[in-house]
Amino acid sequence: MEFLLAFVVGGLLCVAAQLVLDLSRITPAHVMVLFVSLGAVASGLGLYDPLIRVGGAGAIVPLPAFGHALVQGIIREFGKVGPTGLLTGGLTAVALGLTVAVVSGLLMAVLFNPRG
Amino acid sequence: MVPADRETQDLIRRRTPPRPILLNTVRAFLVGGAICTIGQFFLGFFRGRGLPLTEASAVTAATMIFLGAVLTGLGVYDRIGRRGGMGAFLPITGFANAIVAPAMEFKREGFVLGVGARMFTVAGPVIVYAVLVSVLVGAFLWLLGAIG
């Protein structure tokens with residue numbers, strides 16, 4: 001059941017993004033920026049945690065979750081260290097993903113050449 | 001590109017085939033859903049190892065990023081992207097793809113201004129605006145007295 005919910009919730013988020021792409025003149029990069037921002041706003045409104053409770057990875061894997069992770073990190077750090085947390089909590093929360101992205105990006109560039 | 005006059009623009013619009021919106025939507029649903037289902041396996045695995053939801057989510061995202069990077073390196077992800085549209089680009093694996101694809105392509109321009117700079121062509125704006133909006137959201141919650 002949780003796999004089906006992940007499929008449906010994740011799939012629907014991608015459908016929403018695809019419709020924005022097809023019905024407007026913006027590029028996929030613009031859609032990614034839009035959805036990561038929407039994720040942050042939804043998180044602040046308390047809407048993204050319920051989506052994760054329903055969809056699991058269907059809500060965790062799509063990019064809005066990146067905005068959500070930043071906001072939740074800020075809220076957590078704010079609770080611990082006060083207003084400084086506003087500026088440290090976000091990137092702290094996504095440090096793992098960003099570091100893996102940069103390191104594996106470099107590694108793949110060293111190992112592989114583009115084809116076609 | 002030279003901006004086309006109105007007549008030419010009309011001609012371009014009439015000659016451009018309409019976007020297959022319904023087909024694109026179905027493909028985005030299937031590809032995006034499938035990628036998230038793979039993510040659910042990892043989430044279940046890390047939860048089973050006793051990680052709390054927040055940590056398990058972060059490790060799942062990192063695992064999917066690594067997977068997306070490897071599949072891009074192998075040339076597989078570009079094929080998924082051509083079929084899946086936003087179904088391939090909205091998942092975090094698409095974020096990894098956006099980093100690795102230009103990193104490989106611009107290797108010939110060197111490792112500093114080629115790989116190092118170009119890997120953030122798309123990832124850069126995503127990070128910039130995610131940081132901006134999240135700080136604004138945090139500041140707003142603070143002003144409202146919702147956090148602290």
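In helix 1 of chain A, the buried residues are Ala6(A), Phe7(A), Val9(A), Gly10(A), Gly11(A), Leu13(A), Cys14(A), Val15(A), Ala16(A), Ala17(A), Gln18(A) and Leu21(A). A residue is termed buried if 20 or more other C-beta atoms lie within 10 Å of its own, exposed if 12 or fewer do, and partly exposed in between, with C-beta atoms placed from the backbone. Helices are DSSP runs (H or I, at least four residues), numbered from the N terminus. The model is predicted: local features need pLDDT of at least 70 and side-chain atom pairs count only at pLDDT 80 or more, while totals for chains, interfaces and linings use all residues. Residues are numbered from 1 along each chain as its sequence is written, and chains are lettered from A and ligands numbered from 1 in the order in which they are written.

The cover over the buried residues of helix 1 of chain A comes from both chains. It includes helix 2 (28-44), helix 3 (48-55), helix 4 (57-60) and helix 5 (64-81) of chain A, as well as helix 2 (21-48) and helix 5 (86-89) of chain B. Helix 1 of chain A covers residues 2-23, and its 22 residues should span 32 Å at 1.5 Å a residue, in agreement with end C-alpha atoms 31 Å apart. The expected span is 1.5 Å times one less than the number of residues.

The contact between the chains takes 62 residues from chain A and 63 residues from chain B, where two residues are in contact if their C-beta atoms, placed from the backbone, lie within 7 Å. On the side of chain A that touches chain B, two or more residues come from each of helix 1, helix 2, helix 4, helix 5, helix 6 (85-93) and helix 7 (95-111) of chain A. Helix 1 of chain A gives the most to this side, with 15 residues. By class, this side of chain A has 44 nonpolar, 15 polar and 3 charged residues; Ala, Val, Leu, Ile, Met, Phe, Trp, Tyr, Cys and Pro count as nonpolar, Asp, Glu, Lys and Arg as charged, and the others, Gly among them, as polar.

Within chain A, helix 1 and helix 2 pack at an angle of about 135°, with their axes 10 Å apart. Helix 1 of chain A is therefore oblique to helix 2 of chain A. Angles under 35 degrees count as roughly parallel, over 145 as roughly antiparallel, 65 to 115 as roughly perpendicular and the rest as oblique. Ala17(A), Val20(A) and Leu21(A) of helix 1 meet Pro28(A), Val31(A), Leu34(A) and Phe35(A) of helix 2 of chain A. This contact has 7 nonpolar, no polar and no charged residues.

Helix 5 and helix 6 of chain A pack at about 130°, with axes 7 Å apart, and are therefore oblique to each other. Among the residues making their contact are Ala69(A) and Phe78(A) of helix 5 and Leu86(A) and Thr92(A) of helix 6. The classes here are 7 nonpolar, 7 polar and 3 charged.

In chain B, the 28 residues of helix 2 should span 40 Å at 1.5 Å a residue, which agrees with end C-alpha atoms 40 Å apart. Helix 2 of chain B is followed by Gly50(B), whose phi is positive, near 95°. Helix 6 of chain B is mostly covered, with 13 of its 14 residues buried. Pro125(B) lies in helix 8 (residues 123-143) of chain B and counts as partly exposed, with 16 C-beta neighbours inside 10 Å. Not counting residues up to four places away in sequence, Pro125(B) touches Ala29(A) and Val33(A).

Notes: Axes are lines fitted to C-alpha atoms, for helices over the stretch in contact, and angles run from 0 to 180 degrees between N-to-C directions.
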